[in-house]
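Look at the sequence and the structure first, then read on.

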Amino acid sequence: MMAAAGSGSGSDPGTGASSDLRVGCIGAGKMARGVLGGLIISGKVPVQNITVSAPSDSNLQQFRAQGCSTTHSNISVVQQCDLLFLATKPPLIPQVLVEISSAITARHVIVSMAAGVSLRTLEKVEMLPGAPGVRILRMAPNLPCVVQAGAVVFSRGSCAGQEEAEMLQDLLSGCGTCEEMPEAFIDVHTGLSGSGVAYVYLFAEALVDGAVKMGMPSAVSSRIAAQTLLGAAKMMLETGEHPAKLRSDVCTPGGTTIHALHELEKGGLRAAVMNAVEAATKRAREMDKS
Ligand SMILES: NC(=O)c1ccc[n+]([C@@H]2O[C@H](COP(=O)([O-])OP(=O)(O)OC[C@H]3O[C@@H](n4cnc5c(N)ncnc54)[C@H](OP(=O)(O)O)[C@@H]3O)[C@@H](O)[C@H]2O)c1
């Protein structure tokens, strides 16, 4: 049985880091960087306990610079580690599982971060023929894990229990917030948050463009737009209020904000964003079928 982070003989009481747990990541791209970065910066896992694989060196070198071990062999990651993150693009997940299947043993826990790949697909016997009963969990991260401000959710597969869920929750709390959810919400999380980060950037870009049009320099507009989003998000989290209440608090009768909001409603912003969440969620669901 693997050592859970923050518990057991090998854990550092100051950081919760487990000196026993060896963490592997198959795939070394943006999301691997975000999730492993959270584990490293929060001290949840010592950097020397992390091994990352990818076919090319282009992303691996950043992990090497941080002190992680790197390899081009996915099998080698499996052999060296207990907890395995799958961080390749979703269509590659089946072939990666087939490739590593023979090296998976009872000590391994697999955590997929691939959008739109269901636990049912991950647990298909034909993908892990050498490893029936393996403990698998599915997580949905978002890019702000890179700055430890991610919104991560996860679900456990049929063989993963409370111990694995608690260990993952503890580790991923180093990436931002982390909640266990029914799997039905995971694709919705992709539509809301995984992809949602991009909608927010699009909105931020439009704010900046508007300010530039009104004469403010781009760099200043960009800083103020970012702080506006951060402050609005912080108020939502700290007050626990519904955004509709917070929005109405900004609207003075006959004032600037209500005039601006009328323009956003005329432009269909609310319907467009709802459609975007729906489209991304449906796309994630379709990806599993294909
Ligand atoms: N990016 C996001 O905002 C986000 C949000 C939620 C979920 N996700 C999920 O996170 C996963 C990774 O996304 P990403 O954005 O990090 O992708 P990415 O930046 O394109 O990284 C993909 C990584 O997979 C590696 N790779 C390709 N084939 C491989 C193989 N056969 N074995 C091992 N590694 C292989 C690539 O290697 P090279 O370094 O050699 O190219 C690269 O390091 C995806 O499944 C995605 O659905 C991403």
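Q: Into which domains is the protein divided?
A: This is a predicted model, in which local features need pLDDT of at least 70, side-chain atom pairs count only at pLDDT 80 or more, and totals for chains, interfaces and linings use all residues. Residues are numbered from 1 along each chain as its sequence is written, and side-chain values use heavy atoms, leaving out hydrogens and water. Domain bounds come from an automatic or database domain assignment. That assignment gives domain 1 (23-182) and domain 2 (194-289).

Q: How many residues does the contact take from domain 1 and from domain 2?
A: The C-alpha centres of domain 1 and domain 2 lie 32 Å apart. Contact means heavy atoms within 4.5 Å. The count is 10 residues from domain 1 and 5 residues from domain 2.

Q: Over which residues does pLDDT stay under 50?
A: pLDDT is the predictor's confidence in each residue, from 0 to 100. The protein averages 92, and 93% of the residues score at least 70. Where pLDDT is low, the predicted coordinates should not be read in detail. The stretch under 50 is residues 1-16.

Q: What is the volume of the second largest pocket?
A: On a 1 Å grid over the protein atoms alone, a pocket is an open set of points where a 1.4 Å probe fits, with protein on both sides within 12 Å along at least five of seven lines; lining residues have an atom within 4 Å of a point. Grid points are joined across faces, edges and corners, and a volume is the space filled by probe spheres set on the points. For the second largest pocket, this comes to about 980 Å³.

Q: Of the residues that line the second largest pocket, which are the closest to its centre?
A: The lining has 40 residues. By class it holds 22 nonpolar (Ala, Val, Leu, Ile, Met, Phe, Trp, Tyr, Cys, Pro), 14 polar (the others, Gly among them) and 4 charged (Asp, Glu, Lys, Arg) residues. Closest to the centre are Met31, Ala87, Thr88, Lys89 and Pro90.

Q: Why does the second largest pocket lie between domain 1 and domain 2?
A: Helices are DSSP runs (H or I, at least four residues), as are strands (E, at least two), numbered from the N terminus. H12 (269-289) is one of the helices that supply at least two lining residues, and its 4 residues are the largest share. The pocket lies between the domains because its lining takes residues from both domain 1 (23-182) and domain 2 (194-289).

Q: What is the phi of Gln148?
A: Gln148 sits in the loop between strand E6 (135-140) and strand E7 (150-156). Its relative accessibility is 29%, so Gln148 counts as partly exposed. Most residues other than glycine have a negative phi. Gln148 is not a glycine, yet its phi is positive, at about 55 degrees.

Q: Is Ser53 buried or exposed?
A: Ser53 lies in strand E2 (residues 50-53). Beyond four places in sequence, Ser53 touches residues including Cys25, Leu60 and Val77. At 0% relative accessibility, Ser53 is buried.

How values were computed:
Buried < 20%, exposed > 50% of the residue type's maximum accessible area, 1.4 Å probe, protein only.
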